[in-house]
Amino acid sequence: MDGFEGNNGVIILAATNRPESLDPALTRPGRFDRRVPVELPDLKGREDILKVHAKKVKHDDNIDFTHIARMASGASGAELANIVNEAALRAIRNNRNSVTQEDLEESIEVVIAGYQKKNAIMSDEEKKIVAYHETGHALVAALQTHSAPVSKITIIPRTSGALGYTMQVEEGNHYLMSKTEMENKISTLTGGRAAEELVFGSVTTGASNDIEQATRYARAMVTRYGMSDDFDMVAMETVNSQYLGDDASLSCSPETQTLIDKKVVELVKKQHEKAFNLLKDNKKKLDEIAEYLYEKETITGEEFMKMLNEGE
């Protein structure tokens, strides 16, 4: 690679998940002079990858791989292979010779949230709180525009520690998010806690992950996406190690950091209040759907939307 040897026909390949740390001398023409970024697959890519791995297992002919690919938004190739493997294992455990659509859908939940904890027994009070919490998420999402449709709500505990979750599935590829969509996402994340406050007048530890995600979205809006009037299009945060968890470091004065914290709190609080008011205005539907979820433990997006639209 020094440019003085006549090594014709030799191709050197290398891979890294730290492209920002590469020495420029390595990437100049004549050395590693071509970069091939390998991003997460898009909708069509996920569908094709699923079909490749599905060829290795016996499956029903009527499987909708496009729908499965939509549900697996953000999954890597390895995770998609794992989804097919989990589906095959589920079919075997249920004494079936082929993988069904339901097997694949359930295997996505296994990869996302872990296995169902069959032996986890919640008290009636806890089960009711979780039912209202998850219904709060789903209802806030459905009552806002520019939100991904709800496809499933469950209050069956998972091995990941989740006592329940609400699954939303984008209808297609989604590369950009508007300020309104970001705000709605934060509002949806606060919907579970808002439902607890409205119905029970107290809060639980169940919203810990929601709080983390809402804070992360709000901070990104202020520091990275220029969605704050106070800072306009000034970058307050620098992303390090893009392919290793998106670690970020603030690049501003301590005084500005204090102001950023204040704006993040204001943003989350505003969306929390919006979620609370939406649920308050639709308290009857909240009670009705939460009670149904409490009894059934799992409901589909179709069931949820049918109940939401009844009587309108």
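Guide: A residue is called buried when its relative accessible area is under 20%, exposed when it is over 50%, and partly exposed in between (1.4 Å probe, protein chains only). This is a predicted model, in which local features need pLDDT of at least 70 and side-chain atom pairs count only at pLDDT 80 or more, while totals for chains, interfaces and linings use all residues. Residues are numbered from 1 along each chain as its sequence is written, and side-chain values use heavy atoms, with hydrogens and water left out.

Visitor: Is Tyr132 buried or exposed?

Guide: The relative accessibility of Tyr132 is 8%. Because buried means under 20%, the term that applies to Tyr132 is buried.

Visitor: At what angle do the ring planes of Tyr132 and Phe200 lie?

Guide: Rings of Phe, Tyr and Trp (its six-membered ring) pair if their centres lie within 6.5 Å; planes under 30 degrees apart are stacked, over 60 edge-to-face, and the rest tilted. The structure holds one aromatic pair. The ring centres of Tyr132 and Phe200 are 5.6 Å apart, and the pair is edge-to-face because the planes lie at 90°.

Visitor: How many residues apart are Tyr132 and Phe200?

Guide: Helices (H or I, at least four residues) and strands (E, at least two) are DSSP runs, numbered from the N terminus. Tyr132 belongs to helix α5 (residues 124-143) and Phe200 to helix α6 (residues 179-200). The pair thus links distant parts of the chain, and its separation is 68 residues.

Visitor: How many salt bridges does the structure hold?

Guide: A salt bridge is a side-chain nitrogen of Lys or Arg within 4 Å of a carboxyl oxygen of Asp or Glu. By this rule the number of salt bridges in the structure is twelve.

Visitor: How far apart are the closest N and O atoms of Asp103 and Arg90?

Guide: Both residues are buried, and they belong to a network of salt bridges that also includes Arg96 and Glu102. Asp103 and Arg90 form a salt bridge, and the distance between their closest N and O atoms is 2.6 Å.

Visitor: In which helix does Glu102 lie?

Guide: Glu102 is exposed, since its relative accessibility is 52%. It forms a salt bridge with Arg90, with the closest N and O atoms 3.6 Å apart. Arg90 is in helix α3 (residues 77-93), whereas Glu102, twelve residues away, is in helix α4.
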